[in-house]
Amino acid sequence: MRLVIAKCSVDYVGRLKAHLPLAVRLLVVKADGSVLVHSDGGSYKPLNWMSPPATMRTLSPDDVELESGVIEQWIVQSAKTDDRLIINIYEHISDSSHDLGVDPGLIKDGVEADLQRLLAAQIDLLGDGYTLIRREYFTAIGPVDILARDGKGATVAIELKRRGDIDGVEQLTRYLELLNRDPLLAPVRGIFAAQQIKPQARVLATDRGIECKTLDYDAMRGVDDSESRLF
C-alpha cells in the first residue's frame with residue numbers, strides 16, 4: 001500500500017463529474033488497483049475514489065499545468081468504463097509504501113456471525129431450490145459470507161450485515177467483480193442481506209443488479225413466531 005500526503009486537486013471524469021479544489025489530502029494506492037482520496041474529516045469515507053480493476057499512470061504536466069504549479073499528474077483509468085480519476089499534485093509532503101501482507105478478513109460480531117450460521121442452515125429462506133456451496137468463501141480480497149446456488153444452478157454471493165448500508169453494497173460489488181472473473185463460477189449475482197437495510201443502500205444495490213433481503217433474526221433463531229404476530 002502506498003500512502004501519499006500531497007497538496008493536490010482532483011477531478012473525476014466519466015459517467016459523473018466531480019471536482020475537488022486544491023488542498024492537502026491523503027492519497028491511498030492499494031495493491032488491488034484502487035485509489036482513494038481522503039481528507040482529515042468526513043469520518044472513514046473517501047472524498048473520491050476509483051474502484052478496481054483500474055490502472056494508474058504518472059505523467060509529467062504540460063506547459064500550462066507547469067505554469068499553474070502542477071509538478072505531477074496521476075491518471076487512474078477504470079478497466080471497465082471510460083471513468084477516470086485525474087489527480088494534479090502541486091506539492092509532495094510525504095510518500096511511503098508498506099507491504100501489509102495477507103489480511104485475515106473481518107471478524108464478525110456476534111449477531112453477524114449468527115446470521116451467517118443461521119442463513120447457511122436455512123438457505124431456503126432465499127428462495128426455492130437454493131443450496132449452500134460454503135460459508136466464508138475465500139477470495140483474494142476477503143471472504144464472501146456465503147456462496148450458494150439458486151434453483152436454476154446459478155452462483156450467488158451473499159453479503160450479510162446487521163445493518164445494511166452503502167459500504168456493504170460496495171463490499172459485495174467488489175466481491176462480484178472478482179468472482180465473475182472465475183469461469184467456473186460466472187455468472188455470479190449478489191444478494192445483500194441484513195436485519196435492516198438503509199434506503200440509500202437499497203437504491204444502490206438495485207441499481208447494480210443486487211437483490212436485497214431483509215432477515216428476521218429472532219424468527220431464524222426460533223425465538224419469535226412471525227406468523228402469529230398481529231403487526
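## Asp145 and its contacts

The backbone nitrogen of L160 lies 2.7 Å from a polar atom of the D145 side chain. A second polar contact (a pair of N or O atoms within 3.5 Å; within protein, one must be able to donate a hydrogen and the other to accept it, and residues adjacent in sequence count only if both atoms are side-chain atoms) joins the side chain of D145 to that of Q116, at 3.5 Å. D145 is placed in strand β9, residues 142-149. The relative accessible area of D145 is 2%, so this residue is classed as buried (under 20%; exposed is over 50% and partly exposed in between, with a 1.4 Å probe and protein chains only).

## Basis of the model

This is a predicted model, in which local features need pLDDT of at least 70 and side-chain atom pairs count only at pLDDT 80 or more, while totals for chains, interfaces and linings use all residues. Residues are numbered from 1 along each chain as its sequence is written, and side-chain values use heavy atoms, with hydrogens and water left out.

## The five-stranded sheet

Strand β9 belongs to an open sheet of five strands in the order β8-β9-β10-β11-β12, with mixed pairing. Its edge strands, β8 (131-139) and β12 (211-214), each pair on one side only. On average, neighbouring strands of this sheet are turned by 30° against each other, direction ignored (axes are lines fitted to C-alpha atoms, and angles run from 0 to 180 degrees between N-to-C directions). Strands here are DSSP runs of E with at least two residues, numbered from the N terminus, and two strands pair if DSSP finds at least two bridges between them.

Four bridges join β9 to the antiparallel strand β10, residues 155-164. Within this pairing, L147 stands opposite A157 in β10.

## The seven-stranded sheet

Another open sheet has seven strands in the order β4-β3-β2-β1-β7-β6-β5, with antiparallel pairing. The edge strands β4 (48-50) and β5 (54-59) each pair on one side only. Strands β1 (residues 2-13) and β2 (residues 18-29) run antiparallel and are joined by 10 bridges. K7 stands opposite V24 in β2.

## A nonpolar surface patch

V24 also contributes to a nonpolar surface patch with I5, L26 and I93, whose accessible area together is about 310 Å². Patch residues have over 30% relative accessible area and no salt bridge, and nonpolar side chains (Val, Leu, Ile, Met, Phe, Trp, Tyr) are joined within 5 Å. I5 lies in strand β1 and is partly exposed, with a relative accessible area of 34%.

Notes
Patch = residues over 30% accessible without salt bridge, like charges linked within 9 Å, V, L, I, M, F, W, Y side chains within 5 Å. Areas by Shrake-Rupley, 256 points an atom, 1.4 Å probe, with all protein chains shown as cover. Salt bridge = Lys/Arg side-chain N within 4 Å of Asp/Glu carboxyl O.
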